[in-house]
Amino acid sequence: MTRVTRRSLLGGAALGTVAIGATSLTACAKTGPEKYKGEVAFQHGVASGDPLPDRMILWTRVTPLSGAGPIPVRWEVLRAGQDTPVSAGMAEASETKDYCVKVDAGGLEPGSDYTYRFTALTDHGDVTSPTGRLRTPAANGSSAVHLAVVSCSNWQFGLFNAYKALAAEPNLDAVVHLGDYLYEYGIDGYGGDVAVKIGRMHEPSTEIMTLADYRQRHAQYKTDPDLQAAHAAAPWICTWDDHESANDAYRTGAQNHNPEDGEGEWSARKMAAVQAYFEWMPIRDIKPGEVTSVAWRTFRFGDVATIHALETRLTGRSESLSWSTALAGATDPAEAGAKVQAMMQTAADPARTMMGAEQENWLNGELARSVSSGAAWQVLANQVIMARVKLPNFAETLTAEQVAAQDMPEVKGLLAFTAMGLPWNLDAWDGYPAARERLYDSVSAAGARLVTLAGDTHTAYANELYDARGIRRGVEFGCTSISSPGMGAYVKAVPDLGQQIADANDEVVWHDPFGHGYTLVSLTPGAARAVFRKVSDIYSETFSTETVASYEASAEAGGVSALKPV
């Protein structure tokens, strides 16, 4: 197996923007940087991310309206409520990085609130960006950590009202985005029919494949004012899932990448997607000599928690499995049974990985270091559901009228499948059970208190995680989507669908397959609590926000308690 290094993953591109420190800003002021000859605008907001106690990534994009060439940009970080910069410097917006500006602003104090802004210097007058807010993590201590967890924001399926509601939440330390920040489909693909109805169609109109395509799609998403507000409200910890490149992506391909249809080599498309992501997102760039991939990284919040952002798509994942593919062509129960047995044997192969050996080893060490250093919780910013999940036997749980109400071929196909009692989503950890057990072994060896955050399903979960021996290894909070539809949008006339799924699964304590929103996760030394929040509408700018459930686990010696509603 070819080892995917940071350099090969990122296409060898130098994606960072070099920041000049505050002392250099004074020197620049004396000579005066050459101003851009043209007009510019900040059309995509500001963002911060990858928070460390003494520094933060700051991001913006300067759009040239006229003129040509690089644009000098001044950045400033100010204490909240003050107007004197505590950290400042110069950067440059240029065509080579799609006019995105990203700086690693240092000189900050732990556990402190700041604001930040950018100013583009032009001969038409200086232009200042919107102001963003950030809070640095505490270096130590037991102050509570407040996170907002989000995923799956599809432009074509509706308004980003959940981002607007999130931006209004008080006292956030960070927003954790678990992937599917954008979607790759064109207007004739997933969500296109809804997009036409609501007048919210993707740009470019075709499926994105080239660097220019991915850049344009990122730019479109960041014109959304509610997404801009959420970015400006708090620093983000971001990790990608599949749609930032292509549906059901893995190391060597993707379900939605078809070279036979003229879509080119997967490696080229993957590199284009990753380059655009690093240009357009507030994520720290690679440094010369780094040993591990920049895509997986750890953030510490005092003595309360470490957050380990994982990469489970492009660097180490084995090919995803699909029941629809496995069972295609089966004409009788015996043949279907043989195909099921073969699929389960394939899924159980210990050689199959979700993260790859290098990342598994890294996480093993990070969990041990976190516990030995006294952090109360070890949190995984993970893309897909880790709990074992099967669907209820719909032949027993649905009425005849409910069965008749199912009008989608995909749902009708599920009706017979559910009688088999099989894990239904093999693109999640259920398709990589040996890798999941290795992770649980790492948790056990470290004595970690595991809290897994998950997205991907467009539905909300509160789960307890058990290893193959039946020992509880952690808890999981799965967030619903910003706008992408969940199972409740497809399985018709089954209002208790969430309860049915919880009843069918020992690890699922609570499930909500309806609606859109985010999860607020609060961590103290003694407890991990998830508050599930939903918006009432994604088709109207008028909406309300409500809490639909809250669950909490307590810290125990070397582990985590069962979940309880609060």
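Which element gives the most to the lining of the largest pocket?

## The model and its pocket

Keep in mind that you're looking at a predicted model. Rolling a probe the size of a water molecule over the atoms shows where empty space is left. Here, the largest pocket holds about 1600 Å³ of space.

Now for the opening question: α13 gives the most to the lining of this pocket, with 6 residues. Two elements give two or more residues to the lining of the largest pocket: α8, which covers 323-326, and α13, which covers 409-417.

## Who lines the pocket

A total of 46 residues line the largest pocket.

What sort of residues make up the lining, by class? There are 25 nonpolar ones, along with 14 polar and 7 charged residues.

## What about the cysteines?

How many disulfides does the count come to? It comes to 0. A pair of cysteine sulfur atoms has to be within 2.5 Å to count as a disulfide.

Take C100: the nearest cysteine sulfur belongs to C238 and is 14 Å away, and C100 is in no disulfide. Is C100 buried or exposed? With a relative accessibility of 3%, C100 counts as buried, because the cut-off for buried is under 20%.

C479 is in no disulfide either, and for this residue the nearest cysteine sulfur is that of C152, 6.8 Å away. C479 is buried too, as its relative accessible area is 1%.

How values were computed
Residues are numbered from 1 along each chain as its sequence is written. This is a predicted model: local features need pLDDT of at least 70, side-chain atom pairs count only at pLDDT 80 or more; totals for chains, interfaces and linings use all residues. Side-chain values use heavy atoms; hydrogens and water are left out. On a 1 Å grid over the protein atoms alone, a cavity is a set of points where a 1.4 Å probe fits but cannot get out, and a pocket is an open set with protein on both sides within 12 Å along at least five of seven lines; lining residues have an atom within 4 Å of a point. Grid points are joined across faces, edges and corners, and a volume is the space filled by probe spheres set on the points. Helices (H or I, at least four residues) and strands (E, at least two) are DSSP runs, numbered from the N terminus. Ala, Val, Leu, Ile, Met, Phe, Trp, Tyr, Cys and Pro count as nonpolar, Asp, Glu, Lys and Arg as charged, and the others, Gly among them, as polar. Buried means under 20% relative accessible area, exposed over 50%, partly exposed in between (1.4 Å probe, protein chains only).
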